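Let's walk through this one together, with the sequence and the 3D view side by side. Here is the structure to look at.

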Amino acid sequence: MKNNKVWEILRPYVMIGPAMIGIFLFVIYPMIYLLYLSFFKYNLLNSAMSKYIGFSNYIQIFSREDFYKSLLNTVIYTGGVVTLTMLISLLIAVWLSKRTRMNYIVQAGIFTPHIISIVSVSLVWLWMMEPNLGFLNYVLESLGLPPSQWLQSSKTALFSIIIVSVWHGIGYYVLILVAALQGISPNIYEAAALDNTSKFRVFHRITLPLISPQMFFILIIMTIGSFKVFDTVRIMTGGGPNNATNTLVYYIYGFRTTNIGYAAATGVVLMAIIGILTIIYFWLLSRKVHYQ
Amino acid sequence: MASIEFVNVTKEFEKKEIIKDLNLRIEDGKFTVLVGPSGCGKTTLLRMIAGIGPQTSGSVLLNGKDISNIAPGKRGVAMVFQNYAIYPTMSVRENIEFGLKNNKVNKIERKKLVESISEAVGLSEYLGRKPSTLSGGQRQRVALARAMVKQPSVFLMDEPLSNLDAKLRAQMRIDLIELHKKLGTTFVYVTHDQVEAMSMADTIVLMNQGLIQQEAPPEEIYHEPNNIFVAQFIGTPPMNIGELGVDGVRFGFRPESVTASTEPVESPFTLQGEVTTREMLGSETLYQIRYKETSFMIKSLIDKFSVNQKIHIGVNSDKLYFFADDGDRIHKDHIHYRDYFEALRGY
Ligand SMILES: Nc1ncnc2c1ncn2[C@@H]1O[C@H](COP(=O)(O)OP(=O)(O)OP(=O)(O)O)[C@@H](O)[C@H]1O
Ligand SMILES: [Mg+2]
């Protein structure tokens with residue numbers, strides 16, 4: 001009887017135990033350890049020589065020019081990728097939302113880049129963006145447009161990386177939006193037609209609100225993902241030229257052998273920025289998102 | 001004010017003819033009710049009038065003019081959808097005034113209209129709510145209000161009361177009849193419910209499989225059905241049908257036009273049968289009577305017959321119907337009508 005009662009109380013904890021162990025080992029523990037490292041001047045050769053230095057790493061972060069440079073790059077990159085992806089995927093999704101065979105084929109085509117490794121994608125684009133022999137400049141020239149330096153100029157490098165990321169990710173978001181659009185009952189549009197609604201108003205007052213949960217999801221997921229951009233930068237530019245594409249994660253990566261404590265502190269700052277941004281999104285937009 | 005006319009209208013879905021060569025005139029200012037079994041094409045017909053599911057061939061005329069090229073929003077038509085189709089992301093108020101805003105009705109006028117309509121359908125307290133927080137019946141009333149507020153010249157309603165409870169439905173039925181009287185506009189009303197059809201209609205249009213079976217006022221549909229389908233569709237329980245055994249002709253009589261007694265009855269058509277089931281409905285009682293291999297339903301004010309009892313039933317000559325082998329009605333002026341009538345005496 002008594003045993004039974006104890007079991008009653010313990011049961012839920014036992015049930016979620018395995019999952020909690022996983023979360024603790026792979027999420028909580030690394031996070032705490034990251035936080036812990038950020039307070040040390042860490043010695044890689046002899047960890048016993050590591051020294052607790054309090055908030056010094058953080059003070060250093062906020063007083064260093066190159067941190068602000070990479071933060072700015074990351075913000076521009078994120079802004080560019082998020083805006084372009086949302087706009088283009090919305091346009092394509094509206095175009096593809098009619099259920100025809102042709103649209104299914106086009107949609108599969110647009111989705112394909114998403115299943116290719118970003119490393120391969122980056123390499124292919126690296127080659128296409130080569131200023132002298134690359135495909136892109138060939139196209140520009142045959143159209144009579146001036147060629148671009150793409151990745152090799154500090155003016156265009158970041159934008160070039162944005163293009164690649166958008167191209168790589170767009171199929172996935174088109175898929176989400178097409179599903180959302182197809183989920184809207186055609187009767188709603190018919191009712192709107194009977195209400196003498198203009199095309200623009202139908203889109204603005206009916207379509208957009210109805211897919212707002214998916215748009216919001218994309219916004220959050222993409223912002224978080226873009227803030228952590230790494231692979232494209234690593235492969236295509238290595239942060240250059242002249243730090244023009246140095247983003248936060250790549251910046252952290254740069255200190256992996258020289259200053260673990262400093263890298264850890266930057267990681268914590270990145271986490272905080274993403275957290276704050278997500279909260280702001282929820283705070284600003286939750287009233288505009290219509291869950292049914 | 002508008003009359004509607006279908007001229008040789010055909011509608012196909014994926015090469016399948018759903019409406020076949022339909023001709024129908026819906027009078028201006030009349031309350032017309034479309035009834036028929038599920039899938040017979042009632043909604044399809046309404047959608048053609050509204051312009052949201054255009055006909056494959058033929059033409060739909062509004063006030064004598066072909067409206068094929070007029071956008072749905074410019075036809076002066078409002079529709080209450082079978083599944084409401086209210087805008088899920090807008091509040092009740094926004095739903096109701098959306099059409100008015102699109103038509104640039106000014107703010108004061110809009111407010112006045114929305115308030116008087118929502119008062120009329122009993123939604124005043126819910127104006128600020130989102131549709132997802134309303135019950136099915138309340139949503140249906142939002143759909144009604146949204147259509148009413150536009151003051152259309154044609155009112156299309158696709159089973160607008162199907163989700164209301166019995167009491168509210170009876171109330172809304174009366175309200176709609178009054179609304180129709182007050183507005184004097186053309187109402188086209190779809191329903192499954194015979195009671196609704198009989199009580200509200202000026203004209204009933206009864207359809208089956210895309211074909212009009214009969215188009216007549218309720219009394220005529222009930223008393224003078226064109227064919228077996230109409231005879232059996234209207235009335236609960238449906239008309240009894242029996243084989244006459246001559247030329248494939250069938251005869252019929254309604255359960256409620258039977259005289260039943262334990263004593264033999266004086267009628268042109270009589271028989272003695274055994275009660276097999278008995279259902280007490282309140283003021284009336286429903287019996288199933290077995291006679292030879294067939295059975296007939298009868299409705300009687302007498303509730304004292306019991307199961308297995310043998311009783312006599314009789315039907316007067318003006319309550320008897322005859323149908324040819326193709327299901328069409330045989331009228332009194334038919335040359336063989338008397339023969340069939342005599343044949344029935346020996347049934
Ligand atoms: N979009 C469509 N595509 C294919 N077939 C359709 C479509 N819409 C309707 N149909 C078919 O047309 C026929 C008539 O449909 P309709 O909706 O008009 O029936 P209804 O009389 O309104 O039935 P209910 O009383 O069940 O609402 C049905 O057989 C249906 O399957
Ligand atoms: Mg229907």
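Which residues of chain B does UniProt list for "domain: ABC transporter"? The unreviewed UniProt entry gives residues 4-234 of chain B; positions follow the numbering used here, feature names are shortened, and annotations may be inferred rather than shown by experiment.

A quick word on ground rules: this is a predicted model, where local features need pLDDT of at least 70, side-chain atom pairs count only at pLDDT 80 or more, and totals for chains, interfaces and linings use all residues. Residues are numbered from 1 along each chain as its sequence is written, chains are lettered from A and ligands numbered from 1 in the order in which they are written, and side-chain values use heavy atoms, leaving out hydrogens and water.

**Chain B overall**

Chain B has nine helices and 19 strands (DSSP runs, H or I of at least four residues and E of at least two, numbered from the N terminus). Its C-alpha trace spans about 75 × 45 × 35 Å along the principal axes. Of its 347 residues, 52% are buried, meaning under 20% relative accessible area (1.4 Å probe, protein chains only). As for the listed span, residues 4-234 of chain B are 36% helix and 26% strand, and their end C-alpha atoms sit 25 Å apart.

**Around ligand 1**

The shell around ligand 1 (residues with a heavy atom within 4 Å) includes B:Phe13, B:Ile18, B:Lys42, B:Gln82 and B:Glu159. By type, that shell splits into three nonpolar, seven polar and two charged residues, with Cys counted as nonpolar and Gly as polar. Helix H1 (residues 42-50) of chain B supplies the largest share, three residues.

| Residue | Part of residue | Distance to a ligand 1 oxygen |
|---|---|---|
| B:Cys40 | backbone N or O | 3.3 Å |
| B:Gly41 | backbone N or O | 3.0 Å |
| B:His192 | side-chain N or O | 3.0 Å |

Taken alone, ligand 1 exposes 630 Å², and the protein buries 64% of that (Shrake-Rupley areas, 1.4 Å probe).

**Helix H2**

Now look at helix H2 (residues 92-102) of chain B: eight of its eleven residues are buried, so the rest of the structure largely encloses it. Among them are B:Val92, B:Ile96, B:Phe98 and B:Leu100. The buried residues of H2(B) pack against helix H9 (199-227) of chain A, as well as helix H3 (107-120) and helix H4 (136-148) of chain B, with contact meaning heavy atoms within 4.5 Å. After H2(B) comes B:Lys104, with a positive phi near 60°.

Note on methods: Polar contact = N/O pair within 3.5 Å; in protein donor to acceptor, adjacent residues only side chain to side chain. Buried < 20%, exposed > 50% of the residue type's maximum accessible area, 1.4 Å probe, protein only.
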